[in-house]
Amino acid sequence: MFGFVIATLPTLSEEEKERYRSVYCGLCHSLKDNYGQISRAALSYDLAFYILLGNSLNEPPETQRSIHCPAHPTRLTPLAQSSVTERAADLTIALAYHKCLDDIADDHSMTARAGEHLLAKAYQKARTRIPTICEAIEQSMAAIRLIEADPNSSPDAAAAEFGTLMGAIFSADAGYWTETMEQFGYHLGRFIYLMDAAVDKEKDAKNGSYNPFANLDLTAQDMKTLLAIIIGEATHSFEQLPLEQDLHLMRNILYGGVWQQFNKTYKDELNLSANDLDTLSNASLENNLAEAQISVLDSDRTAEYR
């Protein structure tokens, strides 16, 4: 998911940081166990959010243990794993493989070609484990390539297609909460696609790659306002879910972490200080909005479940 759906680590408690790492490390070991050592190159914190959300919503049995990991030889590494971790490992391979294909199409990247070659066998295995999702990814990525190749396409068309894909991924096996999870995934997917475009706007202009913001006269603040509306739709759906476990950690990601790359890219235009970038302090716009929105939605949720 492009490295955007990640926590703001300085604002987490030590206990939350340990929990976040244990979920991430659990995913890393699930990748190794199911797809071999090379698959760990596709590891990202983005799918850790998927695990946190799936675990909190569905409450599957979770195993916790500590191991000696070569990446951290001086200490024991805690792992947390569940059936959602296994699904996240499959998704990691599928999304990383198609990200390589997308980069090859966009930039003719040799790094992406190497990644595609290394992940090809693993993707075929993932396709047998999650065939419906892999088929959806293939169809959506093909549709996005056609949209990006059409000079007359709507600036939001590709983002909406990616949102539809994320909706399908998040709503799989969601039971009663399928519609809410689908809406959450849809808006989060639109946000991710457009956030990626905003961060890469200057690079895409230089190399001639498609970017939905290319022909729009938008300032950094204009893009931030648009993105804030979209992530607001996602968090509105998120706050309707009956979540308790790791709720503060997930809110940290959705209300603060998702802005980190944007704030670093546009720090000068947005007049952000080094402290703003390091901590996303409570004085920042997104956190003020988050606190207000959480307060309202918590009141709504309390009334609904009372």
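Biologist: Why does Ser 209 count as buried?

Modeller: Keep in mind that this is a predicted model. The relative accessibility of Ser 209 is 14%, and buried means under 20%, so Ser 209 counts as buried.

Biologist: Where is Ser 209 found?

Modeller: Ser 209 sits in the loop between helix H8 (201–207) and helix H9 (220–238).

Biologist: Let's turn to the aromatic rings. Why is the pair of Phe 162 and Tyr 193 called tilted?

Modeller: The structure holds 12 aromatic pairs. In the one formed by Phe 162 and Tyr 193, the planes are at 45°. Under 30 degrees would count as stacked and over 60 as edge-to-face, with the rest tilted, so this pair is tilted. The centres lie 6.5 Å apart, and the limit for a pair is within 6.5 Å.

Biologist: Which parts does that pair tie together?

Modeller: Phe 162 belongs to helix H6 and Tyr 193 to helix H7 (residues 178–199), so the pair ties together parts that are 31 residues apart in sequence. Phe 162 and Tyr 193 are both buried. Elsewhere in the list of rings, Phe 49, Tyr 50, Phe 170, Phe 184 and Phe 238 are linked by ring pairs into a cluster.

Biologist: How much space lies in the largest pocket?

Modeller: About 520 Å³. The lining has 27 residues, and the closest to the pocket's centre are Ala 42, Leu 95, Ala 96, Lys 99 and Cys 100. Two or more lining residues come from each of helix H3 (83–107), helix H4 (110–129) and helix H6 (157–171). H3 gives the most, with nine residues.

Biologist: How do the residues of that lining divide into nonpolar, polar and charged?

Modeller: There are 16 nonpolar, seven polar and four charged residues in the lining.

Biologist: And the protein as a whole: how many helices and strands does it have?

Modeller: It has 13 helices and two strands. Of its 306 residues, 51% count as buried. Among contacts with a separation of 6 or more, residues 24 or more positions apart account for 69%.

Notes:
Residues are numbered from 1 along each chain as its sequence is written. This is a predicted model: local features need pLDDT of at least 70, side-chain atom pairs count only at pLDDT 80 or more; totals for chains, interfaces and linings use all residues. Side-chain values use heavy atoms; hydrogens and water are left out. Helices (H or I, at least four residues) and strands (E, at least two) are DSSP runs, numbered from the N terminus. Buried means under 20% relative accessible area, exposed over 50%, partly exposed in between (1.4 Å probe, protein chains only). On a 1 Å grid over the protein atoms alone, a cavity is a set of points where a 1.4 Å probe fits but cannot get out, and a pocket is an open set with protein on both sides within 12 Å along at least five of seven lines; lining residues have an atom within 4 Å of a point. Grid points are joined across faces, edges and corners, and a volume is the space filled by probe spheres set on the points. Ala, Val, Leu, Ile, Met, Phe, Trp, Tyr, Cys and Pro count as nonpolar, Asp, Glu, Lys and Arg as charged, and the others, Gly among them, as polar. Rings of Phe, Tyr and Trp (its six-membered ring) pair if their centres lie within 6.5 Å; planes under 30 degrees apart count as stacked, over 60 as edge-to-face and the rest as tilted. Contact means heavy atoms within 4.5 Å.
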